[in-house]
Amino acid sequence: MREKELRRSRSVFPIGTVMTLTDLSARQIRYYEEQDLIHPERNEGNRRMFSLNDIDVLLEIKDYLADGINMAGIKQIYTLKKEESETKKQKEHQMITDEDVRRILHTEFLSVSGLMSKEPTQYIDSKDLF
DNA sequence: TTTCTGACA
DNA sequence: TGTCAGAA
């Protein structure tokens, strides 16, 4: 099942293709790369080459944006996913469930709405996450 | 022609 | 985020 993962990680699309596939502007795509949300490789000419994985992430970002989540919130989501996968190597299992994501989005929503005295990094103290 | 980086009336 | 410039 590793072959499949490698294929999805193979960077082959130029930004133009990604733009039409995701309906995002080159500006946005490059910006998301700056935010470390995607990590496209570069070809000989310094052109960004995106993988199917990158496109999936971009599509997810688009959905979050459509739901009114700001960049800070989106970054948190991916930061959590990353930390989770690192923790995974130590604690054997535990994945962020859809429910966790929903709770995170809800917290973010309250934060954005100013209905909460916020402190974004709080739930990274994943004591109650498990 | 397409993409890259940097900058901002 | 859009958009323009100058370069590759």
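Helices (H or I, at least four residues) and strands (E, at least two) are DSSP runs, numbered from the N terminus. With that in hand, let's work through some exercises together.

The model is predicted: local features need pLDDT of at least 70, side-chain atom pairs count only at pLDDT 80 or more, and totals for chains, interfaces and linings use all residues. Residues are numbered from 1 along each chain as its sequence is written, chains are lettered from A and ligands numbered from 1 in the order in which they are written, and side-chain values use heavy atoms, with hydrogens and water left out.

**Exercise 1. Find out how many helices and strands chain A has, and the pattern they follow.**

Step 1: Count the elements. Chain A has 6 helices and 3 strands.

Step 2: Read along the sequence. The pattern of chain A is α-β-α-α-β-β-α-α-α.

**Exercise 2. Work out the order of the strands in the sheet.**

Step 1: Recall the rule. Two strands pair if DSSP finds at least two bridges between them.

Step 2: Apply it. Strand 2 and strand 3 (residues 48-50) are joined by 2 bridges and run antiparallel. Within this pair, Glu 41 stands opposite Met 49 in strand 3.

Step 3: The 3 strands make an open sheet in the order 1-3-2, with antiparallel pairing. Strand 1 (13-14) and strand 2 (41-42) are at the edges, each with a single partner strand, so one side of each has no neighbour in the sheet.

**Exercise 3. Decide where Ile 29, Leu 80 and Ile 74 lie, and whether each is buried or exposed.**

Step 1: Buried means under 20% relative accessible area, exposed over 50%, and partly exposed in between (1.4 Å probe, protein chains only). Of the 130 residues of chain A, 32% count as buried.

Step 2: Take Ile 29. This residue is in helix 3, and its relative accessible area of 0% makes it buried. Ile 29 and Ile 15 are 14 residues apart in sequence, and their C-alpha atoms are 8.1 Å apart in space.

Step 3: Move to helix 5. Leu 80 lies in this helix and counts as buried at 6% relative accessibility. Ile 74 is also placed in helix 5, and is buried with a relative accessible area of 0%.

Step 4: Check the distances to Ile 104. From Leu 80, Ile 104 is 24 residues away in sequence and 9.9 Å away in space, C-alpha to C-alpha. From Ile 74, Ile 104 is 30 residues along the chain, with 10.0 Å between the C-alpha atoms.

**Exercise 4. Compare the reach of helix 4 with its expected span, and name its buried residues.**

Step 1: Set up the expected span, which is 1.5 Å times one less than the number of residues.

Step 2: Compare. Helix 4 (residues 52-66) has 15 residues and reaches 21 Å from its first C-alpha to its last, close to the 21 Å expected at 1.5 Å a residue.

Step 3: List the buried residues. In helix 4 these are Asp 54, Ile 55, Val 57, Leu 58, Ile 61 and Tyr 64. As a reminder, an α-helix has 3.6 residues a turn, so residues three or four places apart point the same way.

Step 4: Look just past the end. Gly 68 follows helix 4 and has a positive phi, near 80°.

**Exercise 5. Describe the phi of Asp 23 and Asp 36, and say where each residue is found.**

Step 1: Most residues other than glycine have a negative phi.

Step 2: Take Asp 23. Its phi is positive, about 60°, although Asp 23 is not a glycine. Asp 23 is in the loop between helix 2 (15-22) and helix 3 (26-34), and is exposed, with a relative accessible area of 61%.

Step 3: Take Asp 36. This residue, not a glycine either, has a positive phi of about 60°. Asp 36 sits in the loop between helix 3 and strand 2, and is exposed at a relative accessible area of 52%.
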